[in-house]
Amino acid sequence: MSEEPSVLVVDDDPGIRESLSRELRAAGYDTITATDGHTGLASFRLHLPELLLTDLAMPLADGFELIAAVRRFSRTPIIVLSVRGADADKIRALDLGADDFVTKPFSVPELLARVRAQLRRSGSVTTTLRFDGLTIDLEHRRVVQGEREVKLTRTELALLELLATHAGRPVLMEQIIARVWDSAPGTTHDTVRVHMSALRRKLEPDPSNPRYIVTEPWVGYRFIAEPS
Amino acid sequence: MRTGRWLPAILGLTASAGVTAAYNYFFIPPVHTFRIADPRNWVALAAFLLWSLLVTGLVVISRRRAAEAERRRLEGEASSHVELLQQSDAFKTSLLRAVSHDLTTPLTAIRIQTEALKRHAAATPELAEAVQAIDDETARLHRRIDNLLTIARLEAGRFRPHPEPTPPADVFRAVRDSLPLVFSARPVTVSVDEDCPDAWVDPSLLLEILVNLVENAHRASPGGASIELAARAVEGRVHLEVRDRGPGIPADSDVARRGLGLEIARGLTVASDGWFTLENRSGGGAVARVELPAAVLEAVEERE
């Protein structure tokens, strides 16, 4: 095995499969390709790549089957290539255990950024998260944005912590309710939205140009700042 | 219905009886009486009557057959019409999916390939510029196709908007991410009033609406002129405006001249239960306004 992180690309369209893996190689990754869910799974077991990039609609076993099968034995990050107008597919893939998605037509730099964000997920146990202009000290419950200290309630801090530890990745509404509210009965998407909008009002220096948290249509939220 | 069915038969029988009597009266001696002197003439008269009845019968039967065939044809046509409609609905759906896949896949491949070209062209500024132009135009083409497919899906009932509380600032940010060229080519100011509520709209549709409007404003504006994006609350609704300093609203309503973008924006706004207006701006230029319902969020008590 080589030093570079390896990425398994599964897509039934040869044009996308080949050009995508060429771009990934150019960006410094090792690539393996497969044309459908069946060969994808076999190839995954054989090579154990650091990241899986899969299309959803494929002949034989589709992307959903592949995600479910891989998640039975592996926690390797999975990014889904979805088509526009298929929000339900996106959510189903995330529910099955995919970590992120890009929507065709995606730009290559965007995809590479998502790949980096997934590979960065190292599970480090630091108690202080640092982003561009934002420091979150989880131990002392202190949040500093620019020069000012941001006073957050317990719920808002829990929200911020959940999102910031998943920086660059989408967090589903259901995951937020489960993690921040312990799935307390009566907690709805609106509950989350109210607290999130309060958090964003306190956090964002310029509300008309959000730097940290954005809504991910029909999925939930995404923390967008790059760690520094 | 019943009398209608038997009417031709009754008419035919009456006519047969009538002409037989007339034949007897005028041609069988003694003429001008209904009496018959020669017994052979009874045979002739009977044959005449028989012939007349036969013709009547044949006519009635053939008419019935024709009516029956016509009825069957209409029934068949109606049922096959319904079947055709159902098929065409399923057909539309699968056609849309196929068109979407078959147009999107090659375009995605082109965009990835362009990325490889960009890498190789980086050393030659002229080439790099050309490749960048290819990339930008492909992205624009892709967006147009996507917009048209979205409108087709909305019309076919295959896609219904999913409104959710959408912060205008998020959408403005997404517009900037979608149109880096416009934002680097000219000043674009963004303002969201502090008391502006979230809009109740499908965020992906609102993004497409605004991208089309900003692209349109960009095309209409002279170089260096700024574009303004603004969101504010007006009487419980959210007004999103794209203001430019271009030539204002064109006088004719020719879509070709006004551009597809405005029509797409209008179509998507209407599908989002919104209100679209385009007016001249004081001091020159145009204001495109999308009015949307505001999202209502119940206040939730903080759990400490």
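**Helix faces, packing and the chain contact**

Author: On helix α2(A), the face turned away from the buried side carries Ala42(A), Arg45(A) and Leu46(A), which are exposed. Please keep in mind that this is a predicted model.

Reader: OK, and which residues of α2(A) are the buried ones?

Author: In this helix, which covers residues 37-47 of chain A, the buried residues are Gly37(A), Gly40(A) and Phe44(A). Viewed down the axis of α2(A), they fall within an arc of 55°, so they line one face of the helix.

Reader: Why would residues with that kind of spacing point the same way?

Author: An α-helix has 3.6 residues a turn, so residues three or four places apart point the same way.

Reader: Switching to α6(A) and α7(A): at what angle do they pack?

Author: Helix α6(A), residues 154-165, and helix α7(A), residues 173-180, pack at an angle of about 125°, and their axes are 10 Å apart. That angle makes α6(A) oblique to α7(A), and the crossing of the two is right-handed.

Reader: Which residues meet there?

Author: From α6(A) there are Thr155(A), Ala158(A), Leu159(A) and Leu162(A), and these meet Ile176(A), Arg179(A) and Val180(A) of α7(A). Divided by class, this contact of α6(A) with α7(A) has 5 nonpolar residues, 1 polar and 1 charged.

Reader: Is Lys151(A) buried or exposed?

Author: Lys151(A) counts as exposed, because it has 10 C-beta neighbours inside 10 Å, and the cut-off for exposed is 12 or fewer. As for its place in the fold, Lys151(A) and Leu203(A) are 52 residues apart in sequence, while their C-alpha atoms are 9.1 Å apart in space.

Reader: Let's move to chain B. How many helices and strands are there?

Author: Chain B has 8 helices and 7 strands. Of its 304 residues, 26% count as buried. If one takes the contacts in chain B between residues at least 6 apart in sequence, 73% of them join residues at least 24 apart.

Reader: How do α3(B) and α8(B) pack?

Author: Helix α3(B) packs with helix α8(B), residues 260-271, at an angle of about 35°, with the axes 11 Å apart, and the crossing is left-handed. Arg144(B), Asn147(B), Ile151(B) and Leu154(B) in α3(B) meet Leu260(B), Ile264(B), Gly267(B) and Ala271(B) in α8(B). By class, this contact divides into 5 nonpolar residues, 2 polar and 1 charged.

Reader: Last topic, the contact between the chains: how many residues does each one put in?

Author: Chain B contributes 38 residues and chain A contributes 32. Among the elements of chain B that each supply at least two residues to its side are α3 (125-155), α4 (168-178) and α6 (203-220), while α2(B) gives the most, with 13 residues.

Reader: And what's the make-up of that side by class?

Author: The side of chain B that touches chain A has 16 nonpolar, 11 polar and 11 charged residues.

Technical notes
Residues are numbered from 1 along each chain as its sequence is written. Chains are lettered from A and ligands numbered from 1 in the order in which they are written. This is a predicted model: local features need pLDDT of at least 70, side-chain atom pairs count only at pLDDT 80 or more; totals for chains, interfaces and linings use all residues. Axes are lines fitted to C-alpha atoms, for helices over the stretch in contact, and angles run from 0 to 180 degrees between N-to-C directions. Helices (H or I, at least four residues) and strands (E, at least two) are DSSP runs, numbered from the N terminus. Angles under 35 degrees count as roughly parallel, over 145 as roughly antiparallel, 65 to 115 as roughly perpendicular and the rest as oblique. A crossing is left-handed if the near helix is turned anticlockwise from the far one by less than a right angle, and right-handed if clockwise. Two residues are in contact if their C-beta atoms, placed from the backbone, lie within 7 Å. Ala, Val, Leu, Ile, Met, Phe, Trp, Tyr, Cys and Pro count as nonpolar, Asp, Glu, Lys and Arg as charged, and the others, Gly among them, as polar. A residue is buried if 20 or more other C-beta atoms lie within 10 Å of its own, exposed if 12 or fewer, and partly exposed in between; C-beta atoms are placed from the backbone. The arc is that of the directions from the helix axis to the C-beta atoms.
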